Structure formats: structure tokens, C-alpha cells
Amino acid sequence: MKYFTPFRIAAYLTLLFCAGHTAGGMLKQKSLGPASDAVFGAMKTTHFTFNGSDCTWYGFWFGFGLTVSAFLLLVAITALVLDRVTPEAWPQVQVIAWTLVAAMAFNGVMAWRYFFAGPTVFSVLIVALLIAGTLRKARAAA
């Protein structure tokens, strides 16, 4: 079995992306200066009711951030599973592969628009590998 197929490399990169996002972005919240610390503090202490629940902006930020981590983990596991699909079964699952490409492409656009180069680069590489893996499997199935 090959260890470095496009789907597997995409999965490995996505796991790195997930680990960096979770550990470096969500769990290790370092100071970005006094102004940023004040905003972060306000996010933690400003409460509001949303759909009957007591919420804070920090809770929204943290919850959505961990949701992104879960999405990245799902992408990595799905890429590993797609790597194991036989050519005969590929037509049945290729829509999942293309949906994964679209979801990661959207993630990349959001990273480019709202964040910084690191997640954008990871997303572009992962999308390219997912496309390569999907096309490779489609050729093998043809």
C-alpha cells in the first residue's frame, strides 16, 4: 500500500492544520497587545441572550473555532477513507470527494479573506491534493 498518495498527503496536511488551529489558535490564547487583550476581555464578560441561552462573544468565537477544528478532523478522516475506495466503488462516492474539495476551497477563501497566509496556504495545498486524488481515482475507475 502506498503511503504518499494525494488523499493521504491531504489527510496528513489537514491533521497538521487541525492541530495548529486547535492548539495554537484556540487553546493557546496568547496576548496580542493591550488593545487586543481589552477586546478579548470584553468578549468574555459581555453576556447576551440568544435563542434563550446566556451567551458571550467569547463563547461564540471559541465554539465556532472548535467547530472548525472538528471540520478539519472530518476532512482528514474522509480523505483517508476515500483513499481506500476501490475503483469499482468510486462512482458511488465521488460526489463525496468533490463535496470535500468544495468545502475545503470555501475554507480557503474564508481564510484568505478573514485570516492570514498560514491557513490559506494549507487550504490551497489540501484542495490541490484532494483534486489530484479525486481525478486519479476517477481515471482508475474509468
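Start by selecting helix 1 and helix 5: each puts at least two residues into the lining of the second largest pocket. (Helices here are DSSP runs of H or I, at least four residues, numbered from the N terminus.) Helix 5 is the top contributor to that lining, with four residues.

Before going on, bear in mind that this is a predicted model, where local features need pLDDT of at least 70 and side-chain atom pairs count only at pLDDT 80 or more, while totals for chains, interfaces and linings use all residues. Numbering runs from 1 along each chain as its sequence is written, and side-chain values use heavy atoms, with hydrogens and water left out.

Stay with the second largest pocket, which holds about 260 Å³ of space. Show T5, D83, R84, V85 and K137, the closest to its centre of the 15 lining residues. (A pocket is an open set of points on a 1 Å grid over the protein atoms alone, where a 1.4 Å probe fits, with protein on both sides within 12 Å along at least five of seven lines; lining residues have an atom within 4 Å of a point. Points join across faces, edges and corners, and volume is the space filled by probe spheres set on them.) Colour the lining by class and you get six nonpolar, three polar and six charged residues. (Ala, Val, Leu, Ile, Met, Phe, Trp, Tyr, Cys and Pro are nonpolar; Asp, Glu, Lys and Arg charged; the others, Gly among them, polar.)

Next stop: the largest pocket, with a volume of about 1200 Å³. Of its 35 lining residues, select H21, G25, M26, W61 and F115, the closest to the centre. Helix 1 has the largest share, seven residues. By class, the lining of the largest pocket has 21 nonpolar, ten polar and four charged residues.
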